Amino acid sequence: MSASLRLPTEDGWTEVVLREPRAWPRHPRPHRSRVAFAAAHVVADPLADNSPGAPAVLDWDATLEFRRMLFGYGFGVAEAMDTAQRGMGLDWAAVRELVRRSAEVARDHGARIASGAGTDHRAEVSSTAEVLAAYEEQVGFVESTGSQVIVMASRHLARIARGPEDYREVYGAVLRQVAEPVVLHWLGEAFDPLLAGYWGAADLPAATEVFLDLVREHAAKVDGVKVSLLSAEHERALRAALPAGVRLYTGDDFHYPELIRGDGEHHSDALLGAFSAVAPAASAALTALDEGDLATYDAEMGATLALSRHVFGAPTFHYKTGIAFTAWLSGHQPGFSMVGGMQSARGVPHLARIFALANEARLLPDPELAAHRMRLLLETSGAAS
């Protein structure tokens, strides 16, 4: 393919030659060697008022078809998480409908789904009892759909907790009530600054001990922990300290190839927003890992890392824009619009770099369509060369 595209950078312009796409093999059954969830984004209805503060209105056909695509590459779906703009535009009414519909699609595909339950449907809380009641409502709803529960971090609890005991009280009560083992989600402040000091300690080692004590006490109700702190060193130490049978689902979009590969004694499973952007390549890597072909795993997964690190670059909490943009370039949704107007959260040079990296990784199924859409964005933004 000889066509090229001129793209803006932070320092000027560059010419990118379009690469032939790869015929990535589908993998309709889950991978064997690792449990792998892709945290999926949502597609906004372009004809609805999805401006900041408005109730979210989704393009259900495109949103659910994206999940079918992920199932087709062997991934489970982590639903209604921060990738789906929880706390950044996706309101509780839309969450309920999303989880219900996605759980039905997962059942049709014989695929795994786990969905976020938090406290974000409450405008305000003033006590740990109210935080617990909010968790109970959302956990109960997720369980009613047949989805596994992911217990998300609570901004309300982060604000009102007086120390570690408040976290132990609330999480302990939630875990004693759940019907099936859950995933506990520790989301770092790089992803959500309002979660700073979670677990009642600003000091990371102290917070980790609170977290580990909670997991150890309730290990029978914890399938795994999903840790999004972007520290490979911390993750290795934490997973080695977990009780037997409790998985560590990496949420480290900067270091996941090495963490999933493991060190020969321990490895991480995965629950990653990045996998929504690089699903075909990550599936090929996990297929190689299933077959014990570490060299191919390293090559396939390593080739996705530059794109992931750019999408999740600071400010990391705006990574959702890059996930939606990649889906648009790849033909998985008709337009580049997001609930809450979040398509504006990244600048044109950042988005152009996403195009270049996806093209380099041969992740664009139709490079000419992607180039056409990139040109449209440049023209609309006044950035055409």
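## Exercise 1: The largest pocket

The residues lining the largest pocket divide into 13 nonpolar, ten polar and ten charged. The model is a predicted one, and the task is to state how much space lies in the largest pocket, which residues lie nearest its centre and which element gives the most to its lining.

Solution. Begin with the volume: about 610 Å³ of space lies in the largest pocket. Next, take the lining, which is made up of 33 residues, with Arg 86, Gly 87, Met 88, Asp 120 and Arg 155 lying nearest the centre of the pocket. Then turn to secondary structure, where the elements giving two or more residues to this lining are α4 (155–160) and β7 (182–187). Of the elements, α4 gives the most, with three residues.

## Exercise 2: The largest cavity

Find how many cavities of 30 Å³ or more the structure holds, and describe the lining of the largest cavity by class.

Solution. The structure holds one cavity of 30 Å³ or more, and about 60 Å³ of space lies in the largest cavity. Of the 14 residues that line the largest cavity, Asp 82, Thr 83, Lys 226, Gly 273 and Tyr 319 are the closest to its centre. Sorted by class, the lining of this cavity has seven nonpolar, four polar and three charged residues.

## Exercise 3: Helix α2 and its two partners

Describe how helix α2 packs with α3 and with α1, giving for each pair the angle, the orientation and the residues in contact.

Solution. Two packed helices are described by the angle between their axes and the distance between the axes. For the pair of α2 (residues 92–109) and α3 (residues 128–144), the angle is about 25° and the axes are 10 Å apart. Angles under 35 degrees count as roughly parallel, and therefore α2 is roughly parallel to α3. The crossing in which α2 passes α3 is right-handed. On the α2 side the contact is made by Trp 92, Arg 96 and Val 99, and on the α3 side by Glu 137, Gln 138 and Phe 141. These contact residues divide into three nonpolar, one polar and two charged.

For the other pair, the axes of helix α1 (residues 60–72) and α2 come within 10 Å and cross at roughly 40°, so α1 is oblique to α2. From α1, the residues Trp 60, Thr 63, Leu 64, Arg 67, Arg 68 and Phe 71 meet Ala 94, Glu 97, Leu 98, Arg 101, Ser 102, Val 105, Ala 106 and His 109 in α2. By class, the contact of α1 with α2 has seven nonpolar, three polar and four charged residues.

## Exercise 4: Helices α10 and α11

Decide whether α10 is roughly parallel or roughly antiparallel to α11, and identify the residues that make the contact.

Solution. The axes of α10 (residues 279–290) and α11 (residues 294–302) come within 8 Å and cross at roughly 165°. Angles over 145 degrees count as roughly antiparallel, and so α10 is roughly antiparallel to α11. The crossing of this pair is left-handed. The contact is made by Ala 281, Ala 282, Ala 284, Ala 285, Leu 286, Ala 288 and Leu 289 of α10, together with Leu 294, Thr 296, Tyr 297, Glu 300 and Met 301 of α11. Class by class, that contact has ten nonpolar, one polar and one charged residues.

## Exercise 5: Backbone exceptions

Solution. Most residues other than glycine have a negative phi, and most peptide bonds are trans.

Definitions and conventions: Residues numbered from 1 in each chain as written. Predicted model: local features only at pLDDT ≥ 70, side-chain atom pairs only at ≥ 80, totals over all residues. Heavy atoms only, no water. Axes fitted to C-alpha atoms, helices over the stretch in contact; angles between N-to-C directions. Helix = DSSP H or I, 4+ residues; strand = E, 2+ residues; numbered from the N terminus. Parallel < 35°, antiparallel > 145°, perpendicular 65-115°, else oblique. Left-handed = near helix turned anticlockwise from the far one by under 90°. Contact = heavy atoms within 4.5 Å. Nonpolar A, V, L, I, M, F, W, Y, C, P; charged D, E, K, R; others polar. 1 Å grid on protein atoms, 1.4 Å probe; cavity = no way out; pocket = protein on both sides within 12 Å on 5 of 7 lines; lining within 4 Å. Points joined across faces, edges and corners; volume = space filled by probe spheres on them.
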